[in-house]
Amino acid sequence: MKFSEQILENNLNIIKSYSSDHIFIQDKKYNYNVIVPPENSIIKCNKNIKSITQDFILKNLINNANFVILASNNTECIDKTPIISKLNKNNIGIEFMTISSGCSSHNILVAEKRNFISFFLFN
């Protein structure tokens, strides 16, 4: 089997490293809540895990994204059912993940050129 190296564009928001309280993207450290599309500008998020709602997520979708990663170290503190129901009614999938899983999934979806958005909620 022959493997070929995948070359990714420089403007993609690949997560270079992370910990439970920050992520590094394009040589910048984000230690506050952010909304990260696959490319273009990263947006500061003024919500925390306990105050995020389905309407806030829908309002912040970019480029008709059809999948959402919501990454936090404590997703157990929110009622996921209304968020999942409302997004599914709008044909949008959502996964609640830890920061670690969210970073890995984000990078895979970026490499696959998928239409999604990630919310990284540290506080």
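In strand β3, residue K28 is the bridge partner of I25, where strands (E, at least two residues) and helices (H or I, at least four residues) are DSSP runs numbered from the N terminus, and two strands count as paired if DSSP finds at least two bridges between them. The model is predicted, so to speak of local features requires a pLDDT of at least 70 and side-chain atom pairs count only at pLDDT 80 or more, while totals for chains, interfaces and linings use all residues. Residues are numbered from 1 along each chain as its sequence is written, and side-chain values use heavy atoms, with hydrogens and water left out.

**Overall fold**

- The secondary structure of the protein comprises three helices and eight strands, which follow one another along the sequence in the pattern β-β-β-β-β-α-β-α-β-α-β.
- The radius of gyration of the protein is 14 Å, which agrees with the value near 14 Å that a compact globule of 123 residues would have; this radius is taken over C-alpha atoms, and the globule rule is 2.2 Å times the number of residues to the power 0.38.
- Taken along the principal axes, the C-alpha atoms fill a box of roughly 45 × 30 × 25 Å.
- Among contacts (heavy atoms within 4.5 Å) between residues at least 6 apart in sequence, 67% join residues at least 24 apart.

- Strands β1 (residues 15–19) and β2 (residues 22–25) pair in the antiparallel sense over four bridges, with S19 of the pair standing opposite H22 in β2, and a hairpin of two residues joins β1 to β2.
- Strand β2 also pairs in the antiparallel sense with β3 (residues 28–30), over three bridges; two residues lie between β2 and β3 in this hairpin, and Q26 in the turn has a positive phi of about 45 degrees.

**The five-stranded sheet**

- Five strands form an open sheet of mixed pairing, in the order β5-β4-β8-β6-β7, and its edge strands are β5 (43–44) and β7 (93–97), each of which pairs on one side only.
- Within this order, β4 (residues 34–36) and β8 (residues 117–121) pair in the antiparallel sense over three bridges, and V36 has S118 in β8 as its bridge partner.

**Two buried residues**

- Buried residues (under 20% relative accessible area, with exposed meaning over 50% and partly exposed in between, for a 1.4 Å probe and protein chains only) make up 40% of the 123 residues.
- I83, found in helix α2 (residues 80–89), is buried, with a relative accessible area of 2%.
- Leaving aside residues up to four places away in sequence, I83 touches I52, T53, Q54, I57, I78, I94 and F96; I83 and F56 are 27 residues apart in sequence and 9.9 Å apart in space, C-alpha to C-alpha.
- T75 lies in the loop between β6 (67–72) and α2 and is likewise buried, at a relative accessible area of 10%.

**Surface and charge**

- The protein exposes about 7,300 Å², of which carbon and sulfur atoms supply 45%, the area coming from the Shrake-Rupley method with a 1.4 Å probe.
- The mean positions of the 13 positive and 10 negative charges are 5 Å apart; Lys and Arg count as positive and Asp and Glu as negative, without His or the chain ends.

Terms used. Charge placed at Lys NZ, Arg CZ, Asp CG, Glu CD.
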